[in-house]
Amino acid sequence: FSPRKAFERVRYRMAYDALRNWDAGDPHRPNSEWMPLNRTPEETDSAYRDRVRARARDLERNNEVANAAIKTIVRNTVGTGIKPQAQVHNPDGSLNDDINSQLETLWKRWVKPGICDLEGHSSFYDLQQMVLRRRLVDGEILAMLPIVRDGAFIPLKVQLWEPDYLSDLSYASGSNAINGGVEIDQYGRPVAYYFTVDLAGKTKRVPANQVIHLFQKTRPRQTRGMSEFAATMNAIKDLGEYMEAELVAARIAACFAGFIKTDYAGGRIGRLERDSDNKPIESIEPGMMEYLMPGEDVTFASPGRPNTDAAQFSTAQTRRIAAGLGLSFETLSRDYSQGSYSSARQGHLEDRKEFQALQQYLVTHFCQPVWEEFVRMCVYRGLVKVANFDSDVDRFTAASWIAPGWSWIDPRKEVEATRIELENGMTTLSKVCAMKGDDWQEIMEQRARE
């Protein structure tokens with residue numbers, strides 16, 4: 001009716017389409033309720049950190065799926081321990097077998113329970129498991145290396161602190177800022193940590209060079225960690241509650257076998273046989289023949305339990321949880337019934353990448369710093385004779401770390417592939433042994449002895 005209005009409508013429609021560059025940023029339906037805000041890491045996390053940590057710990061204690069995920073990651077990442085192999089080289093580049101052997105022998109003594117752990121309960125490899133578990137559940141863990149004069153041949157100890165002991169202090173301090181008990185400088189580097197030391201809230205400032213703060217840093221200037229179960233927490237809780245509801249419903253359904261319908265106004269209860277407690281005897285036994293009274297009929301209950309869709313829902317939800325934790329469904333659920341060799345191997349390889357990344361994190365941020373302090377203490381106490389240690393610390397504290405390996409899915413195929421790689425120079429014996437969690441030098445020495 002109005003060509004002008006039609007033209008204007010088309011023109012404005014084209015202009016609107018030109019502005020609509022990102023559907024993900026469209027504020028209208030169905031995204032009208034999805035309006036998150038951009039905040040700094042501390043502004044985003046501080047209000048929820050403690051609550052998320054408490055909920056993650058509750059799942060760790062009471063939820064079998066969360067517990068299975070934690071144990072799976074810890075078992076495959078740390079297992080029996082990530083162990084060092086001293087790599088001190090001579091000036092000509094060859095390995096100094098004498099010093100390396102001394103350091104490894106001293107290390108085997110120091111890592112025992114009651115020696116390396118300040119609390120006296122754990123070995124160093126137990127501490128590795130605890131560090132990883134707490135990083136997964138709590139989001140962060142702190143470690144200090146105090147010197148304790150307790151008569152031990154090496155007075156170095158490892159002391160672990162949960163993030164609950166970090167103060168909630170958050171304010172500006174000159175050119176520095178304190179975020180959640182962590183003091184950082186203008187570049188975002190930690191300067192000190194504030195620990196709560198009593199119930200009155202008194203804090204103690206500890207320089208950052210005395211603290212090893214382990215958490216997954218995902219954003220620049222992030223100073224504290226968040227539980228790695230945060231993204232999957234609701235799904236884990238929902239699955240647990242759903243299965244519990246199905247179990248309760250099945251139990252209730254099992255209590256009902258049948259109902260007797262009668263036209264008798266007073267019911268039949270008064271004419272039933274009774275036991276010693278004067279309770280009516282009502283039971284169903286195999287092969288039983290029973291005669292009903294006039295006007296009575298039997299209706300059997302059909303409660304619809306167990307629910308045939310429960311297994312399908314549980315599988316789908318477990319897949320979501322596994323994906324959120326970086327695991328394959330088979331690894332988390334221990335259900336290998338639906339996969340072939342190829343799919344199982346592909347899933348296993350993807351899981352290995354996840355575990356290897358965690359192993360590298362532990363080695364870089366926890367194991368190697370402890371090893372360096374250990375070597376330094378051995379030298380300073382005269383247990384290892386080294387000249388010019390302080391001028392060449394990196395050479396004398398070098399080490400390679402051997403993590404627990406994984407068994408092959410099909411040993412025959414894997415061994416044949418490894419043999420071909422070795423013959424063609426595509427890998428080394430040390431790398432092959434390390435993938436299985438073995439020390440190639442120990443294997444060669446043992447073979448020579450045999």
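Figure 1. Glu445 counts as partly exposed, because its relative accessibility is 47%. This value, like every other one here, comes from a predicted model. Glu445 sits in helix α14. Asp97, Asp98, Asp438, Glu442 and Glu445 together form a negative surface patch. Two elements, α5 (97-110) and α14 (440-449), each give two or more residues to this negative patch.

Figure 2. Ser227 belongs to the loop between β9 and α7. Is Ser227 buried or exposed? Ser227 has a relative accessibility of 5%, so it counts as buried; the cut-off for buried is under 20%. Setting aside neighbours within four places in sequence, Ser227 is in contact with Val52, Ala56, Leu136, Val137, Asp138, Gly139 and Met233. How many residues separate Ser227 and Arg55 in sequence? They are 172 residues apart in sequence, and their C-alpha atoms are 9.5 Å apart in space.

Figure 3. Thr232 lies in the loop between β9 (211-215) and α7 (233-254). Thr232 counts as buried because its relative accessibility is 4%. Which residues does Thr232 touch, not counting those up to four places away in sequence? They are Ile321, Gly324 and Leu325.

**Figure 4. Arg221 and its positive phi.** Arg221 is found in the loop between β9 and α7. Its phi is near 65°, a positive value in a residue other than glycine. Most residues other than glycine have a negative phi. With a relative accessibility of 43%, Arg221 counts as partly exposed.

**Figure 5. Arg334 between two helices.** Arg334 is placed in the loop between α9 (329-333) and α10 (341-380). Arg334 is not a glycine, yet its phi is positive, at about 60°. Is Arg334 buried or exposed? Arg334 has a relative accessible area of 54%, so it is exposed; exposed means over 50%.

**Figure 6. The chain behind the close-ups.** The chain has 14 helices and twelve strands. Of its 450 residues, 35% are buried. The chain exposes about 28400 Å², and carbon and sulfur atoms supply 52% of that area. Take the contacts between residues at least 6 apart in sequence: 64% of them join residues at least 24 apart.

How values were computed
Residues numbered from 1 in each chain as written. Predicted model: local features only at pLDDT ≥ 70, side-chain atom pairs only at ≥ 80, totals over all residues. Heavy atoms only, no water. Helix = DSSP H or I, 4+ residues; strand = E, 2+ residues; numbered from the N terminus. Buried < 20%, exposed > 50% of the residue type's maximum accessible area, 1.4 Å probe, protein only. Contact = heavy atoms within 4.5 Å. Patch = residues over 30% accessible without salt bridge, like charges linked within 9 Å, V, L, I, M, F, W, Y side chains within 5 Å. Areas by Shrake-Rupley, 256 points an atom, 1.4 Å probe, with all protein chains shown as cover. Salt bridge = Lys/Arg side-chain N within 4 Å of Asp/Glu carboxyl O. Lys, Arg positive; Asp, Glu negative; His and termini not counted. Charge placed at Lys NZ, Arg CZ, Asp CG, Glu CD.
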